[in-house]
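I set out to record how two chains meet in this model. One further residue was then looked up in detail.

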2 protein chains.
Amino acid sequence: MTDTTRLNGYAIVAQSGGPTAAINATLSGVIRGAFDNYEYVRGIYGARYGISGVINDDLVKITKLSDKEHFLLESTPSSALGSCRLKLPDPDGDDVDIYEKIFSVFAKYNIRYFYYIGGNDSMDTVAKLSVYAQKIDYSIKLMGVPKTIDNDLMGTDHTPGFGSAAKYVATTMQEIARDCTVYTVKAVTIVEIMGRDAGWLTAAAGLPRLFGERTADLIYLPEVPFDADLFIEKIKELQKIRPDIVVAVSEGIKNANGKYVSEGTSSDAVDIFGHKYIAGAARALEQLVKEKIGCKVRAVELNLPQRCAAHLQSKTDIDESVLIGKKAVDYSLTAENMQGLLSVFRRLPDVNYQVKIQTAFVRDIANKVSSVPLKYIEKDGTNVTDELLEYILPLIQGEINIPTENGLPVHFEF
Amino acid sequence: MTDTTRLNGYAIVAQSGGPTAAINATLSGVIRGAFDNYEYVRGIYGARYGISGVINDDLVKITKLSDKEHFLLESTPSSALGSCRLKLPDPDGDDVDIYEKIFSVFAKYNIRYFYYIGGNDSMDTVAKLSVYAQKIDYSIKLMGVPKTIDNDLMGTDHTPGFGSAAKYVATTMQEIARDCTVYTVKAVTIVEIMGRDAGWLTAAAGLPRLFGERTADLIYLPEVPFDADLFIEKIKELQKIRPDIVVAVSEGIKNANGKYVSEGTSSDAVDIFGHKYIAGAARALEQLVKEKIGCKVRAVELNLPQRCAAHLQSKTDIDESVLIGKKAVDYSLTAENMQGLLSVFRRLPDVNYQVKIQTAFVRDIANKVSSVPLKYIEKDGTNVTDELLEYILPLIQGEINIPTENGLPVHFEF
């Protein structure tokens, strides 16, 4: 085994999985980290469209950015380098052509550092690359850097990108709930929020209530079975008090039999990671309310803006997202082994919110899902506890005046 | 006929129709105007839930607000006084009970000024009240103050509320289009925008293109028939150049036979003004693309946030919305007749954007729709012209740092 610390060579950074409003902030942090460590990291390339950019030798040489450019990049949503959803084959199997291609590109450019910004599927890629690198004895530091609006990554207090998405959901829910107050006719508004397997983002819908503001009256997470009878009963009960009822539901809520509530309205298609394509939990509940109560009802899907509404970034999230990218580079220099690592947040047990950035092994995190613990969900499954909201609250703090020109955001492009 | 100028008495202000992100700014302006003219307007009441609040004698006495309270009110979305969708009967018909009720409340509180903030349906209410007032010779100044995100009111250059909605649509479209760039697989994203009969708001989706930014490749307004074959042809053509195609469609697009494109997916329900309830133009096109092209396709409805996302207000819109409310009070004092008037914007023919506030008769505006002129739509109906975008552009200028606490907006309540 070659020496594993402070390798001399070039770096590649890439982005993978669904974009977020903060994934470019992490990219900005990695770039800052690379240029701060130029004695070892002699240059940094961006791979276009995730690991595909390495496979296809589609790299962009990243030059030192000005502070203004960093700020622009940090307030640009989506993945500036592009993304992919590519699952690598088993590195111990026979089908290693793709690894040979990847490592030939690594060798061609003398790549000794690889930073992959992504969710749990992307950590799978880092873990597999690290197995293959050890197998062929190629000296490279492989680092995962987390991102996902779903906040469903194990081993970290929370994920970069979640805070901005949560701020978007909470703000929009407060605005929608206020919009719904204007009429005196009975109406139910059902808002569908992203989060296939974990309800963290849906839970954020409850935040305004901590400050006495109107928001969702009922909040349904995918962690507990959805009870249709109790749902109708609860709405009828609430309608005795006020005409405007607002409900937040995760796209992934399931019935007691384990089937998605949206099943009737969705296709059976699966994505390449085997995730079932689902849509329409709110539409399914809209039908249910129409049928069982017969009042006015509206389904609203928050949809893509949840992950790309950079105009409503959380300053805390963006600051942390930059820092975790920068720290990933620092850790990659000092890490004593070649196994894939991931930079993670640990929340300090202080009264005031504070986080520390540490590392974890990607193999312990890849392909796992961190669900909302049941203690954070009301016993009857129709809302979340204040404790859960207080866990999320620090992550949405602070506003960023994003750069604008002509009344529109200015976005960064490589 | 009694003397009609500078009546001494009290005022009522009310809000009607769908809420907007700027309707409270106009309310704030009316309140400012009333307190500025205290020699004549001896006090001002807010009617809760539009004209219903007068009918039900559900009034709130409005006290002088501090500057901070005015700012809070102006950055609060939705209708702070509540709203209604109530159509008054013919004032010349037999069914005048409701008018008797309204004017008895006017008399009870010595109401001599009435300000109704609303869209074309609300102007119908002002016009009818003015007919009835003349009939019973009750001295009152009845003023309409426009609002609608649809921008479909006759007699005014544009409507308060439209600029903020247009800024939301343009910003969100730019963010969505950027989100869509990240993958290399062919995908069509179809975004549905509000505007039943007029395509002004949908057109705003094109604004980012004026500055070389990605946004919708195709823009469909309800003013011209939707051609499904050409739509598919256009997408196939665009897919030769890039994998990510973004389409903006108005909820109200119709086929050549005059049927809503969404007809298959919507109910036949109508609201009390006889408007057909429609939903799902984007879903209908999603099915079409799936069938005819078979690539990845996603329907996104921007939905309620278009009208309530106050966190993305246009400063120009808010400033103008306050001013048109304030001016409505000024005009009501000096108007020489009792016929219902409306304050409107006239755009001055300068190079730099400038508006003047004037008055028009509500009877000339009520129940009419201002559509997008055909000269502003590309001949083949698949996009809008730059001239249309340049008409909209000044209305989205300027940002407002809305008041926040704990990472969330602070909203005003009476």
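I took contact to mean heavy atoms within 4.5 Å. By that rule, chain B brings 62 residues to the contact and chain A brings 62 residues. The model is predicted: local features need pLDDT of at least 70 and side-chain atom pairs count only at pLDDT 80 or more, while totals for chains, interfaces and linings use all residues. Side-chain values use heavy atoms, without hydrogens and water.

I next looked up the buried area, which is the accessible area (1.4 Å probe) that two parts lose on being put together, summed over both. Between chain B and chain A about 5000 Å² is buried, and carbon and sulfur atoms give 52% of this. On the side of chain B, the residues that lose the most area to chain A are B:Glu175, B:Arg178 and B:Tyr183, together 14% of what that side buries.

I then searched the interface of chain B and chain A for salt bridges (a side-chain nitrogen of Lys or Arg within 4 Å of a carboxyl oxygen of Asp or Glu). The rule finds six. One of the salt bridges joins A:Glu301 to B:Arg283, with the closest N and O atoms 2.6 Å apart.

Finally, I turned to A:Gln306. This residue is buried (under 20% relative accessible area, 1.4 Å probe, protein chains only), with a value of 2%. The side chain of A:Gln306 reaches the backbone nitrogen of A:Met194 at 2.8 Å. Not counting residues up to four places away in sequence, A:Gln306 touches several residues, including A:Ile149, A:Tyr168 and A:Leu201.

Notes. Residues are numbered from 1 along each chain as its sequence is written. Chains are lettered from A and ligands numbered from 1 in the order in which they are written. Buried means under 20% relative accessible area, exposed over 50%, partly exposed in between (1.4 Å probe, protein chains only). A polar contact is a pair of N or O atoms within 3.5 Å; within protein, one must be able to donate a hydrogen and the other to accept it, and residues adjacent in sequence count only if both atoms are side-chain atoms.
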